[in-house]
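I opened this model today with my notebook beside me. Here is what I looked up, in the order I went.

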Amino acid sequence: MRKLILFGCAWSLLSVPMGLQAQEFWSGVKNTTSSISRSGDISVGYARLRNNATINAAVFEHVSEEGDFYIRARAAAADLQGNLILNDNGGNVGIGTNNPQAKLAVNGNILAKEVKVKTDITVPDYVFEPDYELPALADIEAYAKEHKHLPEIPSAADIARDGLDLAEMNLLLLKKVEELTLHLIEHEKKYRGLRSYIQLMENQLLNAIEHREIN
């Protein structure tokens, strides 16, 4: 009798058209956009996907008091790599904030082994061009006394208000280092010229003293 029942169940499954074997399941009221109603939650272990109607947001969360929550891209083979794509159609990603104002906004520290910034800002190698007008040190001194920061460099108030653009600031600092290098090179040339002149005067003075002693 048991074999007959099992045979009947198997025959019933095989007799269902292939197009009807894939079933949909839902909680709440079925709608045209989701097999599982937006009014219901999906839970797999300690992971839960739910809707927050108050802020019009879908929430994917770890509901256990302990443990880690992983979101990863798994490749088909060990030697392949899978990418984790977030918001490729637009919008921002926030970590530690629910109001990200940039593509990636982090309200906290970032620890990384390497950070690269791609930028279209012109690298200030033009400082070394022959026609570049090097600012005079006297002008820089006057500007710093009045504004309390170097020319072109944002002030402390500007950075406190707008934040610090790493790419722009690094290139501005590079420009100042290059200008300072040119000033040092120029002063080194003047110093060598002055040393040569002093040595010439010393030699002439010694020659004059020796000539007078001989006479």
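For sorting residues, I count Ala, Val, Leu, Ile, Met, Phe, Trp, Tyr, Cys and Pro as nonpolar, Asp, Glu, Lys and Arg as charged, and the others, Gly among them, as polar.

**Ground rules.** I am working with a predicted model, where local features need pLDDT of at least 70, side-chain atom pairs count only at pLDDT 80 or more, and totals for chains, interfaces and linings use all residues. Residues are numbered from 1 along each chain as its sequence is written, and side-chain values use heavy atoms, with hydrogens and water left out.

**Layout.** I found 4 helices and 5 strands in the protein. Both are DSSP runs numbered from the N terminus: helices are H or I with at least four residues, strands are E with at least two. Read from the N terminus, the order is α-β-β-β-β-β-α-α-α.

**Burial.** I looked up how much of the protein is buried: 12% of the 215 residues. Buried means under 20% relative accessible area, exposed over 50%, and partly exposed in between (1.4 Å probe, protein chains only).

β2 (residues 47-52) pairs with β3 in the antiparallel sense over 6 bridges; to pair, two strands need at least two bridges found by DSSP. Leu 49 has Phe 60 of β3 as its bridge partner. The two strands, β2 and β3, form a hairpin with 4 residues between them, and Asn 56 in the turn has a positive phi of about 55°.

**Largest pocket.** A pocket here is an open set of points on a 1 Å grid over the protein atoms alone, where a 1.4 Å probe fits, with protein on both sides within 12 Å along at least five of seven lines; lining residues have an atom within 4 Å of a point. Which strand gives the largest share of the lining? It is β3, with 4 residues. β3 (57-62) and β4 (93-95) each supply at least two. Phe 60, the partner of Leu 49, is among the lining residues, as are Asn 87 and Pro 100. I sorted the lining into 6 nonpolar, 5 polar and no charged residues.

**Positive phi.** Most residues other than glycine have a negative phi, so I noted exceptions. Asn 87 has a phi near 55° and sits in the loop between β3 and β4. Is Asn 87 buried, exposed or partly exposed? At 38% relative accessibility, Asn 87 is partly exposed. Lys 148 has a phi near 65°, and its place is the loop between α2 (137-147) and α3 (156-162). Lys 148 is exposed, at 67% relative accessible area.
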